[in-house]
Amino acid sequence: MTESAPTRAGARTVTVPDDRDGQRLDNFLLGQLKGAPRSLVYKLVRSGQVRVNGGRAKAERKLAAGDEVRIPPVRLGEEAARGAPPPGLLQRIEAAIVYEDARLLALDKPSGVASHGGSGISFGAIETLRALRPGQTLELAHRLDRDTSGLLVVAKKRSVLAELQALMRRPGGMRKRYLTLLVGRLPDGTLSVDAPLHVGLRQGGERHVQVDPDGKPSLSHFRVLERRGGHSYCEVRIDTGRTHQIRVHARHIGHPVAGDDKYGDPEANRRLRDRAGLRRLFLHAASLEFALDEGRAAYTINAPLAPELAELLDRLA
């Protein structure tokens with residue numbers, strides 16, 4: 001059978017190895033089902049076809065070494081033989097690497113490039129990196145929205161991945177700073193938004209996030225840096241890393257992120273497009289600060305504001 005032919009594997013049970021201790025179930029399955037889109041993995045988990053130690057489990061469950069994971073028969077066609085990322089994407093991701101050492105690397109991810117493939121996207125940043133570095137262990141430590149540019153950290157060892165993820169769960173363990181343009185005039189000073197967020201799924205599997213008392217605790221701090229064209233150029237620091245957190249918190253306070261097609265102000269977006277050429281989400285992950293090896297290895301990684309966003313600010317001045 002050629003690699004491009006659809007394959008069908010029987011149900012199998014896999015024992016979680018020691019070096020996958022603490023890995024999320026969905027990420028473990030993506031490693032076992034090479035080429036499977038993330039949407040298919042979630043469907044398998046939601047339907048109960050995946051079992052952990054004989055019972056149903058959620059996609060975000062953290063696995064322990066020795067757990068028994070039942071993986072159902074899965075038919076993989078084109079997804080299993082997607083070929084290589086296009087040369088242009090390979091070049092963009094190679095050029096986007098802003099830091100690298102033996103433990104990790106950091107990308108200044110371009111807007112429009114997904115963190116990972118799935119939901120109709122063949123190649124995200126991580127798949128492209130793996131194509132550039134065949135044979136290396138490369139795992140996303142976190143994610144950015146497809147339309148958000150900026151720093152994306154990739155672990156080069158399983159032990160480093162576990163350490164980074166532990167830091168992200170700890171308040172203040174990883175200090176994240178974003179730059180954004182908010183519609184309208186945000187008050188001076190720092191505005192902290194403490195509003196729990198709930199992730200729901202719309203028909204077709206699209207994620208939609210909203211403020212909900214029953215959601216997960218979420219805290220963002222907005223500070224105005226400059227006024228530009230009647231809008232507010234801000235830095236945002238977040239204490240939690242929820243899905244779409246900054247975008248939903250910005251809408252919650254009545255000052256949505258400029259260029260946000262999902263949670264934003266359509267009329268303001270149209271005006272900014274016509275007046276200043278804004279054609280993307282104005283949200284950029286600008287810096288990360290953290291320390292590995294129990295604080296002995298300190299990191300400060302920066303990515304300057306994307307050129308198209310800096311030029312837009314100049315046009316609004």
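Select Arg 223 first. At 36% relative accessibility, this residue counts as partly exposed. This is a predicted model. The side chains of Arg 223 and Glu 235 meet in a salt bridge, 3.2 Å from N to O. Colour the two strands involved. Arg 223 sits in strand E14 (residues 219-228) and Glu 235 in strand E15, twelve residues apart, so the pair links distant parts of the chain. Glu 235 counts as buried, because its relative accessibility is 8% and the cut-off for buried is under 20%.

Salt bridges that share partners join Arg 177, Arg 223, Glu 235 and Arg 237 into one network.

**Along strand E15**

Stay on E15 and move to Ser 232, which has its place in this strand. Is Ser 232 buried or exposed? Ser 232 is buried, with a relative accessible area of 0%. Show its polar contacts next. A polar atom of the Ser 232 side chain lies 2.7 Å from the backbone oxygen of Gly 184. The Ser 232 side chain also reaches the backbone nitrogen of Leu 186, at 2.8 Å.

Now display what surrounds Ser 232. Leaving aside residues up to four places away in sequence, Ser 232 touches Thr 180, Leu 181, Leu 182, Gly 184, Arg 185, Leu 186, Val 224, Glu 226 and Arg 227.

**Helix H7**

From E15, go to helix H7. Strand E15 (231-238) and helix H8 (307-316) are among the elements that cover the buried residues of H7. Which residues of H7 are buried? Select Ala 268, Asn 269, Leu 272 and Ala 276: these are the buried residues of H7 (residues 266-276). They cover an arc of only 100 degrees around the axis, so they lie on the same side of H7. An α-helix has 3.6 residues a turn, so residues three or four places apart point the same way.

Turn the helix over. The face of H7 turned away from its buried side carries Pro 266 and Asp 274, both exposed.

Look at the N-terminal end of H7. Asp 265 caps it: a side-chain oxygen of Asp 265 lies 3.0 Å from the backbone nitrogen of Glu 267. Arg 271 and Glu 267 are four residues apart in H7, so about one helical turn separates them. Arg 271 counts as partly exposed at 42% relative accessibility. Glu 267 counts as partly exposed at 38%.

Then follow the chain out of the helix. Gly 277 comes after H7, and its phi is positive, near 80 degrees.

The salt bridge count comes to 19. Select another of them, Asp 293 with Arg 103, where the closest N and O atoms are 2.3 Å apart. Asp 293 lies in the loop between strand E16 (283-292) and E17, and Arg 103 in the loop between E6 and strand E7 (104-109), so the pair ties together parts that are 190 residues apart in sequence. Asp 293 is partly exposed, with a relative accessible area of 25%. Arg 103 is also partly exposed, at 24%.

**Aromatic pairs**

Switch to the rings. How many aromatic pairs does the count come to? The count comes to three. Start with Tyr 99 and Tyr 299, an edge-to-face pair: 5.8 Å centre to centre, with 85 degrees between the planes. Tyr 99 is in strand E6 (residues 97-100) and Tyr 299 in strand E17 (residues 297-302), 200 residues apart, and the pair links these distant parts of the chain. Compare the two ends. Tyr 99 is partly exposed, with a relative accessible area of 31%, whereas Tyr 299 is buried, at 6%.

Finish with all three residues on screen. Ring pairs link Tyr 99, Phe 290 and Tyr 299 into a cluster.

Conventions: Residues are numbered from 1 along each chain as its sequence is written. This is a predicted model: local features need pLDDT of at least 70, side-chain atom pairs count only at pLDDT 80 or more; totals for chains, interfaces and linings use all residues. Side-chain values use heavy atoms; hydrogens and water are left out. Rings of Phe, Tyr and Trp (its six-membered ring) pair if their centres lie within 6.5 Å; planes under 30 degrees apart count as stacked, over 60 as edge-to-face and the rest as tilted. Buried means under 20% relative accessible area, exposed over 50%, partly exposed in between (1.4 Å probe, protein chains only). The arc is that of the directions from the helix axis to the C-beta atoms. Contact means heavy atoms within 4.5 Å. A polar contact is a pair of N or O atoms within 3.5 Å; within protein, one must be able to donate a hydrogen and the other to accept it, and residues adjacent in sequence count only if both atoms are side-chain atoms. A salt bridge is a side-chain nitrogen of Lys or Arg within 4 Å of a carboxyl oxygen of Asp or Glu.
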